[in-house]
Amino acid sequence: MLTVHHLRISQSERIVWLCEELGLDYDLKLYNRREDNRLEPDEDKALHPMGIAPVIQDGDLVLGESGAIVEYFTAKYANGRLVPAPDSPDYPDHLFWFHFANATFMTNGMMAIAAQQAGAQEMPPFVAERTRKAWEMVEARLGEADYFGGSGLTTADIMMGFQLTTSRMFNNMSIEGMPNLQAYLKRIGARPAYQAAMAKAEPGMPPKLD
């Protein structure tokens with residue numbers, strides 16, 4: 001039995017979305033954030049030595065890290081879907097955005113949060129510059145192609161999606177003046193799999209698509 005452990009309002013929504021895109025049969029376990037510090041509850045942290053989300057159980061396997069889980073699912077269950085073939089002209093872009101999502105894009109946000117928690121009144125200049133460049137790259141890419149990995153949805157979109165949507169709840173960032181991104185999020189929001197995933201992962205919370 002495949003089980004997905006999802007901490008609400010976190011990047012683990014990616015895994016729920018991927019399951020829906022692949023039409024997988026899975027059991028979803030939801031965990032609410034603690035009231036005192038907004039972190040994971042103890043029962044979720046106990047699932048993996050790092051104590052972070054997401055975590056999946058597939059038979060005897062327990063696996064963390066959203067990128068690793070996405071690659072595991074596509075290798076085992078996708079049958080060639082959602083990843084361009086290595087000889088496809090879309091493959092390099094797919095690879096770049098798949099890894100950019102956590103290696104750079106999400107890291108920018110985490111550095112900003114760390115600075116705030118350390119008492120900074122504003123984002124450190126180097127973090128602000130990295131963040132500005134990253135969002136400019138997002139807007140430029142979505143002016144070149146309908147999806148980050150090319151003409152069709154790939155797992156690069158599933159990795160990028162959290163930072164473009166739910167993550168903005170933490171900083172109230174506006175995407176005014178980003179028409180390519182706004183159009184992209186409308187395409188994502190219209191996908192039945194995304195709608196089903198968010199209804200299950202975040203019941204009662206409308207997806208942040210504008």
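The questions and answers below go through the sheet, a hairpin, a helix pair and a pocket of this predicted model.

Student: In what order do the 4 strands of the open sheet lie, and which are the edge strands?

Tutor: The pairing in this open sheet is mixed, and the strand order is 2-1-3-4. From one strand to the next the twist averages 15°. Each edge strand pairs on one side only, and these edge strands are strand 2 (27-31) and strand 4.

Student: In which sense does strand 1 pair with strand 3, and which residue of strand 3 is the bridge partner of Leu-2?

Tutor: Strands of a sheet pair through backbone hydrogen bonds, and the sense may be parallel or antiparallel. Here strand 1, which covers residues 2-7, pairs with strand 3, residues 55-58, in the antiparallel sense over 4 bridges. Within strand 3, the bridge partner of Leu-2 is Asp-58.

Student: Which residue of strand 4 is the bridge partner of Asp-58, and which residue takes a positive phi in the hairpin of strand 3 and strand 4?

Tutor: Strand 3 also pairs with strand 4 (residues 61-64), in the antiparallel sense and over 4 bridges. Val-55 stands opposite Gly-64 of strand 4, while the bridge partner of Asp-58 in that strand is Leu-61. The hairpin has 2 residues between the strands, and the residue with a positive phi, near 65°, is Gly-59.

Student: How do helix 1 and helix 3 lie relative to one another, roughly parallel or roughly antiparallel?

Tutor: Two packed helices are described by the angle between their axes and by the distance between those axes. The axes of helix 1 (residues 13-22) and helix 3 come within 10 Å and cross at roughly 10°. Because angles under 35 degrees count as roughly parallel, helix 1 is roughly parallel to helix 3. The crossing in which helix 1 passes helix 3 is right-handed, and the arrangement asked for is roughly parallel.

Student: What is the volume of the second largest pocket, and which residues lie nearest its centre?

Tutor: The volume of the second largest pocket is about 180 Å³. Its lining consists of 14 residues, and those nearest the centre are Glu-71, Thr-74, Val-83, His-94 and Thr-155.

Student: Which element gives the largest share of the lining of the second largest pocket?

Tutor: The elements that give two or more residues to this lining are helix 3 (66-77) and helix 4 (91-117). By residue class, the lining divides into 7 nonpolar, 5 polar and 2 charged residues. The largest share, 5 residues, comes from helix 4.

Technical notes. Residues are numbered from 1 along each chain as its sequence is written. This is a predicted model: local features need pLDDT of at least 70, side-chain atom pairs count only at pLDDT 80 or more; totals for chains, interfaces and linings use all residues. Side-chain values use heavy atoms; hydrogens and water are left out. Two strands pair if DSSP finds at least two bridges between them. On a 1 Å grid over the protein atoms alone, a cavity is a set of points where a 1.4 Å probe fits but cannot get out, and a pocket is an open set with protein on both sides within 12 Å along at least five of seven lines; lining residues have an atom within 4 Å of a point. Grid points are joined across faces, edges and corners, and a volume is the space filled by probe spheres set on the points. Ala, Val, Leu, Ile, Met, Phe, Trp, Tyr, Cys and Pro count as nonpolar, Asp, Glu, Lys and Arg as charged, and the others, Gly among them, as polar. Axes are lines fitted to C-alpha atoms, for helices over the stretch in contact, and angles run from 0 to 180 degrees between N-to-C directions. Angles under 35 degrees count as roughly parallel, over 145 as roughly antiparallel, 65 to 115 as roughly perpendicular and the rest as oblique. A crossing is left-handed if the near helix is turned anticlockwise from the far one by less than a right angle, and right-handed if clockwise.
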